[in-house]
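Keep the structure open beside you while you read.

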Amino acid sequence: QTYCRIFIYDRKQLEYAKRENIHGNSRVYVYGRLSSFKTERKGIEFMAMNVICRDIGLIKTKEE
């Protein structure tokens, strides 16, 4: 399983995320642009990836 930060800049998508109570453990589909950059933490270099979100939707499971 891979986790990726998602950045939402569009006001309508942000309002949708708040209304649907989307949080760190939510399963969502995302349409956007993948962004990566090199960074360093505690002397170790690594690549970090983010998603610049254009559209987001909550994936509802049977329990919901």
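Take the contacts between residues at least 6 apart in sequence in the protein chain: 53% of them join residues at least 24 apart, where contact means heavy atoms within 4.5 Å. Before going further, note that this is a predicted model, in which local features need pLDDT of at least 70, side-chain atom pairs count only at pLDDT 80 or more, and totals for chains, interfaces and linings use all residues. Residues are numbered from 1 along each chain as its sequence is written, and side-chain values use heavy atoms, with hydrogens and water left out.

The overall build comes next. The protein chain has a radius of gyration of 14 Å, whereas a compact globule of 64 residues would come out near 11 Å; that radius is taken over C-alpha atoms, and the globule rule is 2.2 Å times the number of residues to the power 0.38. The C-alpha trace spans about 40 × 25 × 15 Å along its principal axes. Of the 64 residues, 17% count as buried, with buried meaning under 20% relative accessible area, exposed over 50%, and partly exposed in between (1.4 Å probe, protein chains only).

Now the fold. The chain holds 1 helix and 3 strands, running β-α-β-β from the N terminus on. These elements are DSSP runs numbered from the N terminus: helices are H or I with at least four residues, strands are E with at least two. The 3 strands make an open sheet in the order β1-β3-β2, with mixed pairing; two strands pair if DSSP finds at least two bridges between them. Because β1 (5–8) and β2 (28–41) sit at the edges with a single partner strand each, one side of each has no neighbour in the sheet. Neighbouring strands are turned by 35° against each other on average, direction ignored. Axes here are lines fitted to C-alpha atoms, for helices over the stretch in contact, and angles run from 0 to 180 degrees between N-to-C directions.

β2 and β3 (residues 44–58) pair in the antiparallel sense over 14 bridges. Helix α1 (residues 11–19) packs on the sheet, touching β1 and β3, and its direction makes about 85° with that of β3.

Asn50 deserves a look of its own. Leaving aside neighbours within four places in sequence, Asn50 is in contact with Cys4, Arg5, Phe7, Arg33, Leu34, Ser35 and Phe37.

Finally, the structure holds 1 salt bridge, meaning a side-chain nitrogen of Lys or Arg within 4 Å of a carboxyl oxygen of Asp or Glu. Glu20 forms it with Lys60, the closest N and O atoms being 3.8 Å apart. Glu20 lies in the loop between α1 and β2 and Lys60 in the segment after β3, so the pair ties together parts 40 residues apart in sequence.

| Residue | Relative accessibility | Class |
|---|---|---|
| Asn50 | 9% | buried |
| Glu20 | 26% | partly exposed |
| Lys60 | 57% | exposed |
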